[in-house]
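Subject: Structure for you, with notes

Hello,

Here is the structure I said I would pass on. My notes on what was found in it follow below.

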Amino acid sequence: MTIGNLALVVENDPSDGPGRLGDWLTSGGLQLEIVRPHAGDALPANLDGYAALVVLGGEQDAFPDEAGERAAPWFDELDGLLRKAVRHKVPTLAVCLGAQLLAHAHGGTVERSAAGPEIGVKLVARRDIADQDPIFAAVPFAPDVFQWHVDEIVELPLNATLLAASLHYPIQAYRLGPAAWGLQFHIECDVPMFAQWAMEGVQTLGELGIDAVEMLERVEAAQDDVAEVWKPFAERFAAVALGRTPPAGADGLRSLPLIGPR
C-alpha cells in the first residue's frame with residue numbers, strides 16, 4: 001500500500017489563505033483539501049486519509065484571554081488535531097499562528113511579544129542543528145522571510161528542536177517530533193495578500209513608523225528570493241508527506257498509511 005497525497009489545510013483567517021505555499025505543495029505532489037472553520041466549515045475528527053496537515057496563520061491569539069476564552073471557537077478542536085498529528089507522525093507544517101497553536105497544543109508558551117510587532121521583509125538565521133533536518137538542511141544560513149505577528153512563542157514544548165532564530169524573536173522555526181514543523185514567519189504571501197494586511201493594519205504601521213508603500217516595495221522585491229528558498233522547502237515537506245523522504249529519525253518513517261482512531 002502507498003500513502004495517499006491528500007493534505008488537510010486549515011485556513012484560520014480569510015486574509016491568510018495558502019497562497020504561494022499552496023502552489024508549491026501542489027507542485028510537490030500533494031492535493032489540498034482546504035477547510036475554512038472561520039466560514040463555518042467543520043474540522044475533521046481525525047486525520048485518517050490525510051498524508052499531511054497544514055495549519056495557516058491569522059490575526060487571532062493562540063493563547064486564551066484572561067477569562068480563559070479561546071480567540072476562535074474551533075481552536076480547541078484544532079489543538080486536538082495537532083496533538084494527533086504529532087502523536088501519529090502525520091507530517092505537519094504550521095505557519096505563524098499555526099506554529100503558535102502547535103506549540104500551545106503541546107505545552108509550549110505563547111505570549112504577546114515583549115519586543116513588539118515584527119512586520120515586513122526580515123532575515124532569520126538557521127541554526128547548525130538544522131543540518132540534520134530533512135527539510136531545513138538545504139535552507140541557506142540567513143534566508144529572507146515575510147513577517148507579520150504581534151505574538152511569539154516564548155517557550156517551546158519539551159523535546160522540540162529549534163531550527164531558526166533571530167535577534168529579537170529567538171524562536172523562528174522548530175520541529176516537534178520527527179515530522180511536525182512550525183514557522184513563526186510567513187512564506188505564503190504574494191504582494192496582494194501582504195497589501196491587504198497593510199490596509200487592515202494601517203494604524204499599527206503608523207504607530208511603528210513603517211511606510212506602507214516602501215514596505216510593499218520591499219515585499220515585491222523579495223518575492224523571487226523567497227520563492228527560490230521556500231518553494232524547494234515546501235516541496236521537500238511534500239516529499240516527506242508522500243513517503244519519498246524519511247522524516248527526522250529512522251523511527252519516524254511512515255511506510256504504510258496510518259489506520260485506526262487518532
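A residue is called buried here if its relative accessible area is under 20%. Please keep in mind that this is a predicted model.

By that cut-off, Arg20, Leu21, Gly22, Trp24 and Leu25 are buried in helix H1, which spans residues 19–27. The cover over the buried residues of H1 includes S2, S3, S4, strand S8 (144–149) and H6. Just after H1 comes Gly29, with a positive phi of about 110°.

The sheet

Eight strands form an open sheet: the order is S2-S1-S3-S4-S12-S11-S10-S7, and the pairing is mixed. Strand S2 (31–35) and S7 are at the edges; each has a single partner strand, so one side of each has no neighbour in the sheet.

Strand S1 (residues 6–10) and strand S3 (residues 52–55) run parallel and are joined by 4 bridges. Val9 has Val54 of S3 as its bridge partner, and Val10 stands opposite Val55 in S3. S3 also pairs with S4 in the parallel sense, over 3 bridges. Here Val55 has Ala94 of S4 as its bridge partner. S3 is covered on both faces: Ala52 and Val54 are buried on one side, Leu53 and Val55 on the other.

Strand S4 covers residues 92–95 and includes Thr92. Thr92 counts as buried because its relative accessible area is 1%. A polar atom of the Thr92 side chain lies 2.8 Å from the backbone oxygen of Val90. Beyond four places in sequence, the contacts of Thr92 are Leu53, Leu82, Ala85, Ala179, Ala180, Trp181 and Phe237.

Lys89, in the loop between helix H2 (75–87) and S4, has a phi near 60°, which is positive in a residue other than glycine. Lys89 counts as partly exposed because its relative accessibility is 30%. Cys96 sits in the loop between S4 and helix H3 (97–105). Its phi is also positive, about 55°, although Cys96 is not a glycine. Cys96 is buried, because its relative accessible area is 4%.

The nonpolar cores

The largest nonpolar core has 51 residues, and the members that touch the most others are Leu21, Phe136, Trp181, Trp230 and Phe233. Helix H6 (residues 212–241) supplies the largest share of this core, 13 residues. Apart from this core lies another, of 33 residues, including Val35, Leu43, Trp74 and Phe75.

Leaving out residues up to four places away in sequence, Phe136 touches Arg126, Ala130, Leu163, Ala173, Trp181, Leu183, Trp230 and Phe233.

Arg126 lies in strand S7 (residues 125–126). Arg126 counts as buried because its relative accessibility is 15%. What does the side chain of Arg126 make a polar contact with? With the side chain of Asp131, at 2.5 Å. A polar atom of the Arg126 side chain also lies 2.6 Å from the backbone oxygen of Val139. Outside four places in sequence, Arg126 is in contact with Asp131, Phe136, Ala137, Val139, Pro140, Phe141, Leu163 and Ala164. Between the C-alpha atoms of Arg126 and Leu183 there are 12 Å, and the two residues are 57 residues apart along the chain.

Glu152 is in strand S9 (residues 151–155). Glu152 is buried and has no salt bridge. How far away is the nearest side chain of opposite charge? That side chain is Arg112, and the distance is 10 Å. The Glu152 side chain does make a polar contact, at 3.0 Å, with the side chain of Ser113.

Regards

Key:
Residues numbered from 1 in each chain as written. Predicted model: local features only at pLDDT ≥ 70, side-chain atom pairs only at ≥ 80, totals over all residues. Heavy atoms only, no water. Helix = DSSP H or I, 4+ residues; strand = E, 2+ residues; numbered from the N terminus. Buried < 20%, exposed > 50% of the residue type's maximum accessible area, 1.4 Å probe, protein only. Lys, Arg positive; Asp, Glu negative; His and termini not counted. Salt bridge = Lys/Arg side-chain N within 4 Å of Asp/Glu carboxyl O. Polar contact = N/O pair within 3.5 Å; in protein donor to acceptor, adjacent residues only side chain to side chain. Core = buried A, V, L, I, M, F, W, Y, C linked by side-chain atoms within 4.5 Å. Contact = heavy atoms within 4.5 Å. Pairing = 2+ DSSP bridges.
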